[in-house]
Each structure stands twice: as C-alpha cells, then as structure tokens.
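Walk through this model one piece at a time.

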There are 2 protein chains.
Amino acid sequence: MTLQRIEHRAMHGGWQDVHEHASSSLGCTMRFAVYLPPQAATQKLPVLYWLSGLTCTEQNFITKAGAQRYAAEHGVILVAPDTSPRGDDVADADGYDLGKGAGFYVNATQAPWAAHYRMYDYLVDELPALIEANFPVTDARGISGHSMGGHGALTIALKNPGRYRSVSAFSPIVAPSQVPWGEKAFGAYLGDDREAWKQYDAVELIRNASERLPLLVDQGDADEFLQTQLKPTLLQAAADAAGHPLTLRLQPGYDHSYYFIASFIGEHIAHHAKALTT
Amino acid sequence: MTLQRIEHRAMHGGWQDVHEHASSSLGCTMRFAVYLPPQAATQKLPVLYWLSGLTCTEQNFITKAGAQRYAAEHGVILVAPDTSPRGDDVADADGYDLGKGAGFYVNATQAPWAAHYRMYDYLVDELPALIEANFPVTDARGISGHSMGGHGALTIALKNPGRYRSVSAFSPIVAPSQVPWGEKAFGAYLGDDREAWKQYDAVELIRNASERLPLLVDQGDADEFLQTQLKPTLLQAAADAAGHPLTLRLQPGYDHSYYFIASFIGEHIAHHAKALTT
C-alpha cells in the first residue's frame, strides 16, 4: 500500500497533508487528509477519524472546520477520508444523495453499487491499517462526523466494540431506515429487504450494543433537515430505552452548515482528547 | 442605501451574515460579509475590515480563516467585502489577475475599467458609511487583508491617516509597481504613467506617511509567490528608511494559502483588538 502525498501545508505548527492511494476495498484511487500536529514530530499520538457529509470530499473538513487549531492544542492527529469511491469506473446517480459523494459508510450488496461502494470496510479496516503503518500513531482511536458522516461515526463505533475510545457526531442521520435520505441510499445499496438496513442504523444498533460507549451529539435547532432527515429524538428514545449514555445537545439558532461545526468542534476535540490520552 | 440580508448563520454565539446592496461608487450590486459576535447584541463594537486576495469573493475569508472564534473572544465585528465590482455590465479580462476578482483596491482611470472599478472609494467611503449606519459599531476601525488584500489594507491605511487605529497584512503585495501582478493591473486600471501608480503602492506611500501607524505583516517563507510578487524586503527597506514602525515576521514553512492565514489570524485579531478597544 503506497501513499502519494499530494498536498503538504504548514498549519498551526504542524502539517495539513493530503494523500492518494490505491484502495483494495474500494477498487479505485482514493484521497484522505491527515493533520499532523506539532507533537507528531517527536511522539506517537492518538487519531480522530472524521467522516464528512453528503457531497463532501476530503477537503471540506480541513478547509472549513477550523479543527486543526484544537488538534494542535491537544496533540491529536486528524484523519478525514473522502465520502465515496471515485473515478470514471465507479457507478453514479443523478442527485447529490446517492452515488459519488454519498457512500453512506456501508458495504453495498446490490448492482451496480456492490462493485465499489464498500466504504464500511474501507473505514473500519483498510484506512486504519494504512494510517497505523504510515504515521506516528498510538492505538487510541476516536471517530466523529457530520450528517451522513455522523451516521457513519455512530454506526461504526456501535458495530465495533473496543475499537474506538470515543465517538461524537454533529447533526447525524440517526435513523436512516426511517428518513428519505436513508431510504433512498439503503434501498439502492442494500436492496428492498429492510432487515438488512438495521446493521447500519444507529437507532437499531444502540438497542443491542455490547459496549456502552458514551455518545456526544450536537444538533442545531435551526437545522433545515432537523425534522425530515435527522430526528435526533429517535436516538434519544433508543438510548433511553437501552440505557445507553448519550449527551444530546440542541444548540439554539444553529443550522446544518460548517459554521455550526466550527463553533463546537473545539469542544468535540477536547472530548475526544480526554478519552484518547488518558 | 438598502441592505438585503441573504445569509444568516449562527456561529460562535454570534451571527455570520452576508448582505447585498446597490453600490453607488461601483455602479453594481455588491455583497459583503459581516460577523457580529455575541457582544454585538448589547453594545457597540469596533470593526475590523478584511480585504481578500485575487479570485476571492466575500465567502473565502468567512469560510476558511476561522477568524470568528477570535472575533467573538475579543468583541470585534468583522467585515469582509468582495474584491471587485460584479455583474454582466462590468468589464472583465481573461486570467485571474485582472478584472473581476482582481479590483486591486484602486480607482481605475482607464477605459473600460473606469466605469465600475472604484474599489478604493468603495472601501474608504461607501462601505464604512453603510456599516456605520446599519450595525452597532463604534468609530474604531482596523484593516487587514491577504495578498492583493494585504496591499489594499496597507495602502488604504497609509493614505488615510487617523482613519484606522490598526493595520496588518498576510503575504501582502507591498510594491505593486515593481512586480508582475501589480504592473499588469496598474497598467490596465491606471495607464502607462507610472507616477500615477505611486499613490497605490505601499513602498512609495510609506516614504511620506504623515502618521506612523505600526504595521504588522506575516509572510510565509515557503510562499510560492514570495520572490516574484510579494518581496517583503522592499517594505522592510522602505520602513527602515522612513523610520516607520514595521513588525515583519517570516513564518517558516508556511505557504500562500488560507492554512497560513488560519494559523495566525488569532494573533492578528488580538493585535487589532488591543488597538481598537483601548
């Protein structure tokens, strides 16, 4: 697995880099961003994985969230992958919510998606192995994300007990099986049998989670997708029923944008750093 | 002068807004961004004007610099205008360094530019009047910017003694009369007579500045335009010769991007806040 560094920019005393590599799980060339804080020059550090939302690439988080300042403060490496397989050979669809830029962090089982859309395997196995082989990291991992990426962070953490020490999400899709974005994507990637959807649905997974990893979720109350696509009260009800620790904060006035993420990413990174460095 | 608010987003306890208005000095519809920190809900605050670089609109600074966090911390309003007149009636040129997105903060005197390209008047007179009539601001003003906008900040501050209490710049074009970007733009906007260029050239203006306002300039030493377009040593020499206070910091490893700005904008806003609130 060879990495090619295609961006290398000084930032907050460390380096904001972007790498390209051939992905075996996705069968295409992929890019991911990695922020190495100044401490990475001399020691191994924990890693926080960030999963982005619909339409995003590895660029959105690193240019708009302002996370690097806090990562430098706490000594945490940030890794931000792309949101789907890429390239001319990869199936796509009209619309921003299916196909490229909309991988939904699942392993697709249906044609034409199954050939490349295996973002779950990429995120859980291939990318961490790549990071751990090529960067000065400890085995302490956290995971976070926004919207579709918040769904990815919650489901991947819930499905892999012991693998992540901390998890958080901004404006996550908590119940993809019950909202239009999820129904469209899961119907295409996983087929019509809704039983198969449950393995990638946080509200379903939380019922039987074997590890009670605390969830931190921030949600803006002026989010244009709050009532139709996000429905955080479904997560609250499921967590309450299961006795799963959840801190759900409804932030007054905030919308679905990166202005919201930038406003609270410092608190999320502090939350992860506390779990990752103790 | 009627403002239409076209974006309104909660951020760091305040509001990141964008307004549109008919500009009398430019003869077209213009947009500017304004960040109102939480303190603006109850008191008047000083204003820091930010001038962006080539190709930018009012969006780049507000999405990429991470400045709002520091503005909220210090209680400073941020105003980020566009970089040129806009619209189908406005003359343009091939290339990113002349015409739309490249106003260079001058009043053009040559056809076809003179009809709309009066960014100097817009920045010095029209926009501050608009801000002071519509937002809770004191008369304490600072000015900063990046690259072409760093040139704008330095020249506007030097040309208007008493108007700004603080000035700073990132990677500024300090001697437009002596570098390719400036020669192309000034030749088009101001004509072939290089005497006319001196009124918009920081290295020329510093010689006879009637007010010795201290200049804070940050410059990355890995900036791809350092040797060809920026040449900060020319500013250092002119400041030394004139006895003008200049803090020029060469930042090792940093390039020309917003990753550089984001890394040091906190120090610049602290610098301005100190001058603006005491």
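A:L51 has its bridge partner in β6(A), and that partner is A:G145. The model is predicted, so read each pairing as computed from its DSSP bridges. A:G145 belongs to a strand with neighbors to follow. Strand β4 of chain A, residues 45-51, is joined to β6(A) by six bridges. The two strands run parallel.

Now move to the next pairing. β6(A) is also joined to strand β7 of chain A, residues 166-170. Here there are two bridges, and the strands again run parallel. One pair to pick out is A:G142 with its bridge partner A:S166 in β7(A).

How many of the nine residues of strand β6 of chain A are buried? Seven are, so the strand is mostly covered, with buried meaning under 20% relative accessible area. The strand spans residues 137-145.

Next, take a single residue. A:D218 sits in strand β8 of chain A, residues 215-220. Is A:D218 buried or exposed? A:D218 counts as buried because its relative accessibility is 0%. Its side chain makes a polar contact with the side chain of A:R249, at 2.7 Å. Leaving out residues up to four places away in sequence, A:D218 touches A:R249, A:Q251 and A:H268, among others. Its contacts also include A:A169 and A:F170, and β7(A) covers residues 166-170. A:S171, A:P172, A:F260 and A:F264 are on the list too.

Now turn to the second chain. The size of an interface is often given as the accessible area lost when the parts come together. Chain A and chain B bury about 1,900 Å² between them. Carbon and sulfur atoms carry 52% of that area. On the side of chain A, A:R9, A:A10 and A:Y259 lose the most area to chain B. Together they make up 34% of what that side buries. The contact takes 22 residues from chain A and 22 residues from chain B.

What holds charged groups together here? Two salt bridges are counted between chain A and chain B. In one salt bridge, the side chains of A:R9 and B:D255 meet at 2.9 Å, N to O.

Note on methods: Residues are numbered from 1 along each chain as its sequence is written. Chains are lettered from A and ligands numbered from 1 in the order in which they are written. This is a predicted model: local features need pLDDT of at least 70, side-chain atom pairs count only at pLDDT 80 or more; totals for chains, interfaces and linings use all residues. Side-chain values use heavy atoms; hydrogens and water are left out. Contact means heavy atoms within 4.5 Å. Buried area is the accessible area (1.4 Å probe) that two parts lose on being put together, summed over both. A salt bridge is a side-chain nitrogen of Lys or Arg within 4 Å of a carboxyl oxygen of Asp or Glu. Buried means under 20% relative accessible area, exposed over 50%, partly exposed in between (1.4 Å probe, protein chains only). Helices (H or I, at least four residues) and strands (E, at least two) are DSSP runs, numbered from the N terminus. A polar contact is a pair of N or O atoms within 3.5 Å; within protein, one must be able to donate a hydrogen and the other to accept it, and residues adjacent in sequence count only if both atoms are side-chain atoms.
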